[in-house]
Structures are given as structure tokens and as C-alpha cells.
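This report describes one chain and its predicted model. It covers the fold, the confidence, and a few side-chain features.

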Amino acid sequence: MRSDFRARNHPAYWAFVVHRASGVLLTAFLPLHFWALGQALQGEARLDSFLRWSEQPLVKFLETILVLLLAAHLTGGLRLLALEFLAWRDWQKGLLAAAAGITVAAGLAFLLNLV
């Protein structure tokens, strides 16, 4: 039986916290996502209006936060998976850590392109 990764002294505790918190925040974003999709489906004029709205600085900033949340969620989930649920060898865990690093780097590259 595996130990409880929700215990503070467990090696995967902070990965669990990051994954859980970012997941909750991303879930809060979903209604806005579906609203935006609905705007796009209502015709070209509504889509153009939405796209103009999305160029505002606050919206751009929130897009940056969203990308960081996605990267944190994926990285925390991968770390939790590697530490708690999979009996991987050290080289496999290193490969997973590299994949998480590439995810964060891709997110940062996207953010730099937004600015």
C-alpha cells in the first residue's frame, strides 16, 4: 500500500498541492472558455467583437496567467505521477522531468511571444 501523498512529509506533497490548486483555477476558467466558443459560433460579427475585446491588456495578462496555470498543472501532475503512482527507473523519471521542463519552457516562449 502506498503512502498518502497528501501528507506534508511525503515527497509528492507539493506536486499534489500545485496540481490540485491549478486544476481548481483552470476549472473556474471553463465557463469563460465556453462563452467565448459560443461567441465564435454566433457569426462573424460576434467573433470580430470578441476578438477586439480579447486584445485588451487585462485580457492579455489573464492569458499569461492561464498559460502559467496550464504549465503548473501539467508539471505538478507529471511529478505526482512519477513520484507516487509509477514504479519507474531513475532514467525514466529524469526523462519525465525533462518533459516537464520542456513544457514550462514552451509556456514561457508562448508568453514572451504574447508581449
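The chain has four helices and zero strands, where helices (H or I, at least four residues) and strands (E, at least two) are DSSP runs numbered from the N terminus. Read from the N terminus, the order of elements is α-α-α-α.

This is a predicted model, in which local features need pLDDT of at least 70 and side-chain atom pairs count only at pLDDT 80 or more, while totals for chains, interfaces and linings use all residues. Residues are numbered from 1 along each chain as its sequence is written, and side-chain values use heavy atoms, with hydrogens and water left out.

**Confidence and overall surface**

The mean pLDDT of the chain is 76, with 83% of its residues at 70 or more; pLDDT is the predictor's confidence in each residue, from 0 to 100. Confidence is highest in H2, at a mean of 83, and lowest in H4, at 74. Where pLDDT is low, the predicted coordinates should not be read in detail.

Of the 115 residues, 24% count as buried. Buried means under 20% relative accessible area, exposed means over 50%, and partly exposed lies in between (1.4 Å probe, protein chains only). The chain exposes about 8200 Å², and carbon and sulfur atoms supply 69% of that area. Accessible areas come from the Shrake-Rupley method with a 1.4 Å probe, and for residues only the protein chains shown count as cover.

Among contacts between residues at least 6 apart in sequence, 63% join residues at least 24 apart; contact means heavy atoms within 4.5 Å.

**Aromatic pairs**

Rings of Phe, Tyr and Trp (its six-membered ring) pair if their centres lie within 6.5 Å; planes under 30 degrees apart count as stacked, over 60 as edge-to-face and the rest as tilted. By this rule there are three aromatic pairs. In one of them, Trp-35 and Phe-50 have ring centres 5.7 Å apart and planes at 70°, so the pair is edge-to-face. Trp-35 belongs to helix H1 (residues 13-41) and Phe-50 to helix H2 (residues 44-53), so this pair ties together parts that are 15 residues apart in sequence.

Phe-50 also pairs with Trp-53: the ring centres are 5.5 Å apart and the planes are at 35°, so this pair is tilted. Phe-50 and Trp-53 are three residues apart in helix H2, a separation of about one helical turn. Within it, Phe-50 is buried at 17% relative accessible area, whereas Trp-35 is partly exposed at 41% and Trp-53 is partly exposed at 33%.

**The loop between H2 and H3**

Ser-54 lies in the loop between H2 and H3 and is buried, with a relative accessible area of 10%. Not counting residues up to four places away in sequence, Ser-54 touches Val-59 and Lys-60.

Lys-60 takes part in a salt bridge with Glu-55, the closest N and O atoms being 3.6 Å apart. A salt bridge is a side-chain nitrogen of Lys or Arg within 4 Å of a carboxyl oxygen of Asp or Glu, and a search of the whole structure finds one. Glu-55 is exposed, at 52% relative accessibility, and Lys-60 is partly exposed, at 25%.

**Nonpolar patch and a buried serine**

Leu-58, Phe-61, Leu-62, Ile-65, Leu-68, Val-104 and Leu-108 make a nonpolar surface patch of about 620 Å². Patches are made of residues with over 30% relative accessible area and no salt bridge: like charges are joined within 9 Å, and nonpolar side chains (Val, Leu, Ile, Met, Phe, Trp, Tyr) within 5 Å. Helix H3 (57-85) and helix H4 (90-114) each supply at least two residues of the patch, and the largest share, five residues, comes from H3. Phe-61, in helix H3, is partly exposed at 49% relative accessibility.

Ser-22 lies in helix H1 and is buried, at 4% relative accessibility. Apart from neighbours within four places in sequence, Ser-22 is in contact with Leu-69, Ala-72 and His-73.

The table collects accessibility values for some of these residues.

| Residue | Relative accessible area | Class |
|---|---|---|
| Ser-22 | 4% | buried |
| Ser-54 | 10% | buried |
| Phe-50 | 17% | buried |
| Lys-60 | 25% | partly exposed |
| Phe-61 | 49% | partly exposed |
| Glu-55 | 52% | exposed |
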